Amino acid sequence: MQNVETTKKLKKSMKPSQFLLNYALYIILITILVIVCIIDPSFLSMQNVLAILKQASTKGILALGVAGLIVLAGTDLSIGRVVGLSAAVTASLVQSVTFANRYFPQMTKQLPLIVPLLAAIAVGVIFSLINGFGVAYLKMHAFIITLGTQLIAYGCCCLFIEAQPSGTSQALSSFESNFKNWAGGAFSLGSIRVPYVVIYFAVIAVIMWVIWNKTRLGKNMFAVGGNMEAAAVSGVNVPRTIMLVFLMAGVLYGIASFLEAARILSVGSNAGLNYETDAISAAVIGGVSFSGGVGTIQGVVIGAIILQAINYSMLFLGINPYLQYIVRGLIIILAVAIDVRKYIAKK
């Protein structure tokens, strides 16, 4: 009896430390943002908040895609280059028909927006299914297969941009107004202009929450990520689950690429560079564990917003761009270090 009471007391005494471990990264990053607000209170202006949400939206959609792969105890290094290729394909299809140097000079009528959207999704899905096949059936580590497809996607993007009829390798631009309005525009809410992309992000997050928490695929995904052998024994079709999670990721990459093209308005060969680091960082900051089987959609959304707030705050304060890379790298290392500590504590 005494041992039981002692155990309970130990558990109670561990709660504060466990709380600090679980929310350490949130506490650190929010503290940084508070310091930024103290240095310059204008950082909290509505214009800056909306700018942060706009930047976080496309990166957040990518994070929602890769988060499922991390739940499977995997990752995806090809995100940025796949986004670049998908955005280039999107850009080529939404250039104004009045633009003399358009990619497809034979196109004399603007395509419905669903066409470039489906084209972007198709590119994302093709690469994600290649990655999924490598992981599910060839038993390759996700790090290796996605490293390979990262290079392939970059090569394809460069070749695609260089194949312009004009013979130049200039970035694809001069998009038609309908695309810019719906993919990159905003609507008025009183005196506030809310970007459409923020609404798209919110809707996709709700859909993904339902998939993760209310469908068999979501339950199977967590089962496979938690213990693949046990999931297989309990009747879960492991390869099929892995392929479907990669498929979901590909769809989200395509949607994010479509929206990102409208945000940056000029798609060159470097489009999407390092986007995988932001997406993976947002997922890990949001509590998705590299050990597999752990994560929430709301955590990923919060992680994406906090990460972009940190990135935006460094730009806002005029911090040296090279120093910004160092800070972002430290955030990634810190996020993974805390994730490892959580895993050890659970064991």
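The lining of the second largest pocket has six nonpolar, seven polar and four charged residues. In this grouping, Ala, Val, Leu, Ile, Met, Phe, Trp, Tyr, Cys and Pro count as nonpolar, Asp, Glu, Lys and Arg as charged, and the others, Gly among them, as polar. The model is predicted, so local features need pLDDT of at least 70 and side-chain atom pairs pLDDT 80 or more, while totals for chains, interfaces and linings use all residues. Residues are numbered from 1 along each chain as its sequence is written, and side-chain values use heavy atoms, with hydrogens and water left out.

**The second largest pocket**

- This pocket holds about 390 Å³ of space; a volume here is the space filled by probe spheres set on grid points, which are joined across faces, edges and corners.
- Of its 17 lining residues, the closest to the centre are Lys59, Arg263, Tyr275, Asp278 and Arg328.
- Helix 2 (46-71), helix 11, helix 12 and helix 13 each give two or more residues to this lining.
- Helix 12 gives the most, with five residues.
- A pocket is an open set of points on a 1 Å grid over the protein atoms alone, where a 1.4 Å probe fits, with protein on both sides within 12 Å along at least five of seven lines; lining residues have an atom within 4 Å of a point.
- Helices are DSSP runs (H or I, at least four residues), numbered from the N terminus.

**The largest pocket**

- The largest pocket has a volume of about 450 Å³.
- It is lined by 25 residues, and those closest to its centre are Asn22, Gly287, Val288, Val294 and Lys342.
- At least two lining residues come from each of helix 1 (2-39), helix 11 (275-285), helix 12 (297-316) and helix 13 (321-346).
- Helix 13 supplies the largest share of this lining, six residues.
- By class, the lining of the largest pocket has 11 nonpolar, 11 polar and three charged residues.

**Salt bridges**

- Side chains of opposite charge can pair when their charged atoms come close.
- How many salt bridges does the structure hold? There are three, each counted when a side-chain nitrogen of Lys or Arg lies within 4 Å of a carboxyl oxygen of Asp or Glu.
- One of them joins the side chains of Asp278 and Lys59 (3.1 Å, N to O). This pair links distant parts of the chain, with Asp278 in helix 11 and Lys59 in helix 2, 219 residues apart.
- Another joins Arg328 and Asp278 (3.2 Å, N to O). Here too the partners are in distant parts of the chain, Arg328 in helix 13 and Asp278 in helix 11, 50 residues apart.
- Through shared partners, salt bridges join Lys59, Asp278 and Arg328 into one network.
- Arg263 and Glu260 also meet in a salt bridge (2.7 Å, N to O). They sit three residues apart in helix 10 (residues 238-264), so about one helical turn separates them.

**Buried or partly exposed**

- Buried means under 20% relative accessible area, exposed over 50%, and partly exposed in between (1.4 Å probe, protein chains only).
- Asp278 is buried at 6% relative accessibility, and Lys59 is buried at 9%.
- Arg328 is partly exposed, with a relative accessible area of 22%.
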